[in-house]
Amino acid sequence: MAQMHEVDFHIYGEDLQFVEVELDPGEAAVAEAGTLMYMEDGIEMETIFGDGSEKKSGFLGSLLGAGKRLLTGESLFTTVFLNRAGRGKRKVAFAAPYPGKIIPVQLGQLGGELIAQKDSFLAAAKGVSLGIAFQKKLGTGLFGGEGFIMQRLQGDGLAFIHAGGTLHERTLGPGEMLRVDTGCIVAFTPTVDYDIQMVSGIKTAFFGGEGLFFATLRGPGKVWLQSLPFSRLAGRILSAAGPGGSRDEGSVLGSVGLGSLLGDE
């Protein structure tokens with residue numbers, strides 16, 4: 001496993017947050033493409049195949065790392081930000097993609113591994129490995145939506161993940177179980193037993209409005225949940241903006257609309 005870079009950081013903001021990472025000379029951070037907010041003079045940016053966790057992986061290793069990221073729905077590339085300044089610290093900042101909270105996670109304190117939702121990873125100290133974690137029951141997982149393929153973060157360094165809406169941290173005791181909407185999972189420690197189950201009852205599944213599948217998380221271990229997955233936010237926006245959406249929805253007039261009341265054609 002590659003040696004982790006030890007970085008300092010500061011998180012700014014309440015609901016629309018960004019994280020500022022401080023790099024010593026020679027230190028580097030790796031981030032998802034498109035998350036950069038700013039960087040100081042002396043920071044060198046390089047786009048690479050995969051996650052850059054292996055120093056001498058060669059072309060085949062890089063291609064394998066990139067392929068893993070493609071399976072999780074992420075870009076084939078990540079961006080490395082290296083402090084090339086001869087002396088002094090330099091700062092680089094990464095912004096959250098939508099309203100929510102940025103969570104700093106020391107992987108070394110969690111046993112060196114974290115399972116995360118595929119779009120929750122924001123940035124990390126260089127050396128953190130980004131892999132994939134398949135749901136164990138392939139047949140169910142193929143239809144389980146967001147919870148099927150997740151990211152596996154490995155190493156002993158610092159990683160930053162993002163939760164949409166309000167963040168809820170919960171520690172599950174041995175055997176304690178929690179049923180969760182698949183999109184509301186942000187991350188959990190590898191000691192948590194994770195499964196995807198189909199909603200029982202045909203009427204509940206098709207008319208309940210919560211989808212056909214939910215995730216079960218069974219302790220012991222720690223889980224991070226989000227109140228507003230981006231997929232849910234995007235779905236509501238598209239629904240309201242579509243042909244059947246109403247621009248008057250949410251007003252005092254409700255779905256009837258001012259035009260309907262006045263008889264506009």
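The legends below describe an overview and several close-up views of one predicted model.

View 1. Helices (H or I, at least four residues) and strands (E, at least two) are DSSP runs numbered from the N terminus. Of the 265 residues in the chain, 42% count as buried, where buried means under 20% relative accessible area, exposed means over 50%, and partly exposed lies in between (1.4 Å probe, protein chains only). The accessible surface comes to about 14,200 Å², and 56% of this surface belongs to carbon and sulfur atoms; such areas come from the Shrake-Rupley method with a 1.4 Å probe, and for residues only the protein chains shown count as cover. Among the contacts (heavy atoms within 4.5 Å) with a separation of 6 or more, 78% are between residues 24 or more positions apart.

**View 2. Ile196 in strand E17.** This strand covers residues 193-198, and Ile196 counts as buried because its relative accessibility is 2%. The C-alpha atoms of Ile196 and Thr182 are separated by 8.0 Å, although the two residues stand 14 residues apart along the chain.

**View 3. The aromatic pair of Phe9 and Phe160.** Rings of Phe, Tyr and Trp (its six-membered ring) pair if their centres lie within 6.5 Å, and planes under 30 degrees apart count as stacked, over 60 as edge-to-face and the rest as tilted; by this rule the count comes to five aromatic pairs. Phe9 and Phe160 form an edge-to-face pair, with 5.1 Å from centre to centre and 75° between the planes. The pair links distant parts of the chain, since Phe9 belongs to strand E1 (residues 8-12) and Phe160 to strand E13 (residues 158-164), 151 residues apart. Phe9 counts as partly exposed because its relative accessibility is 36%, whereas Phe160, at 1%, counts as buried.

**View 4. The aromatic pair of Phe81 and Phe94.** The ring centres lie 5.2 Å apart and the planes meet at 65°, so this pair is edge-to-face. Phe81 lies in strand E6 (residues 77-83) and Phe94 in strand E7 (residues 90-95), so the pair ties together parts that are 13 residues apart in sequence. Both Phe81 and Phe94 are buried.

**View 5. A cluster of Tyr12, Phe18 and Tyr38.** Ring pairs link these three residues into the cluster.

**Notes on the model.** Residues are numbered from 1 along each chain as its sequence is written, and side-chain values use heavy atoms, with hydrogens and water left out. In this predicted model, local features need pLDDT of at least 70 and side-chain atom pairs count only at pLDDT 80 or more, while totals for chains, interfaces and linings use all residues.
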